[in-house]
Amino acid sequence: FRNPWLSGLTLAFDWYSIEVEDAIMTYSIDYANFRCYGGGMDAGLTPAEQAATPGCQLTPRDQINGEALSTKLSYDNQATIKTTALDVMLNWGTSISTFGLEVPGSLNFNLRATILDSYETRQSPAVYDVPIEWKGSLGPNLPGTQAGAYDYRLFGTFTYNNPIDNWRVSLRWRHLPEVWSAGYAEQQALIANNAAVAAGADGLILGYTPSREIQTESYNIFDLSGTWDILETVSLRFGITNLFDEAPVDVASQAERAAGQVCNGAPGCSDPT
């Protein structure tokens, strides 16, 4: 742009769509149970023979009372990961003289944003491992994935540079929007699955107890930093992280409620006790 206010402006957009099939991930507890009880029980095996199968070795039980012990999970090429998002980066800079001020130096502003369209995973193609949409949550919580599927993220830096006196100061801003927990996202996936199955789609009605989670508030952090080049070979740097001492927000808080009828006939829903 010829306008001095806009001549230092650059803007970049990067859109990506990624799909990974047969991703390596730990399989679900449901799949581990299926390996033991999903087929061998129909093969006429004795209880001892059933317990000796490789699948049942991963779901051990107490030899005295029969109670289930810790299930052993392993890795497999069953998972699917799909994500789509838009990255935006804006850079702007100008001399302070542009504003008609006789002040040395320049101003620079950088803003980076990631706008998430979707982040979906599925641990296996089995009907009991439903697709989970993690957008707007702190998920995914699966091994090999990075948690924090916020609707968007903002990261900005404002800098004043004084080349005459050889110093600069920057204020950095980090913003995270409101978000749900990973457990809430998993429950919403079950609700969507049950509604589809009840309407005639293939699959299973899966059980859940509804939560009363409160959405986590947005979070803003400001950091201050600066540099002063005292000599050609000596620089003084300083920084204050979390300048305004912003406390962490509560995550996955639950609203109070009395025990009783809250499901209202929703498929798979169990009223809390």
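Which residue stands opposite Leu 111 in β5? Gly 156 does.

Before going on, a note on the model. It is predicted, with local features needing pLDDT of at least 70 and side-chain atom pairs counting only at pLDDT 80 or more, while totals for chains, interfaces and linings use all residues. Residues are numbered from 1 along each chain as its sequence is written, and side-chain values use heavy atoms, leaving out hydrogens and water.

Strands here are DSSP runs of E, at least two residues, numbered from the N terminus; two of them pair if DSSP finds at least two bridges between them.

Start with β3, residues 106-122, which runs antiparallel to β5, residues 152-162, with ten bridges joining them. On its other pairing, β5 is joined to β6, residues 167-176, by nine bridges, again antiparallel. Within that pair, Tyr 160 stands opposite Val 169, and Thr 157 has Arg 172 as its bridge partner. The two strands form a hairpin with four residues between them, and Asn 166 in the turn has a positive phi of about 60 degrees.

Next, β6 and β7 run antiparallel, joined by ten bridges. Trp 173 has Phe 222 in β7 as its bridge partner.

That brings us to Asp 223, in β7, residues 219-231. Why does Asp 223 count as buried? Because its relative accessibility is 5%, and buried means under 20% (1.4 Å probe, protein chains only). The Asp 223 side chain makes a polar contact with the side chain of Arg 174 at 2.8 Å; that term means a pair of N or O atoms within 3.5 Å, and within protein one must be able to donate a hydrogen and the other to accept it, with residues adjacent in sequence counting only if both atoms are side-chain atoms.

Terms used. Buried means under 20% relative accessible area, exposed over 50%, partly exposed in between (1.4 Å probe, protein chains only).
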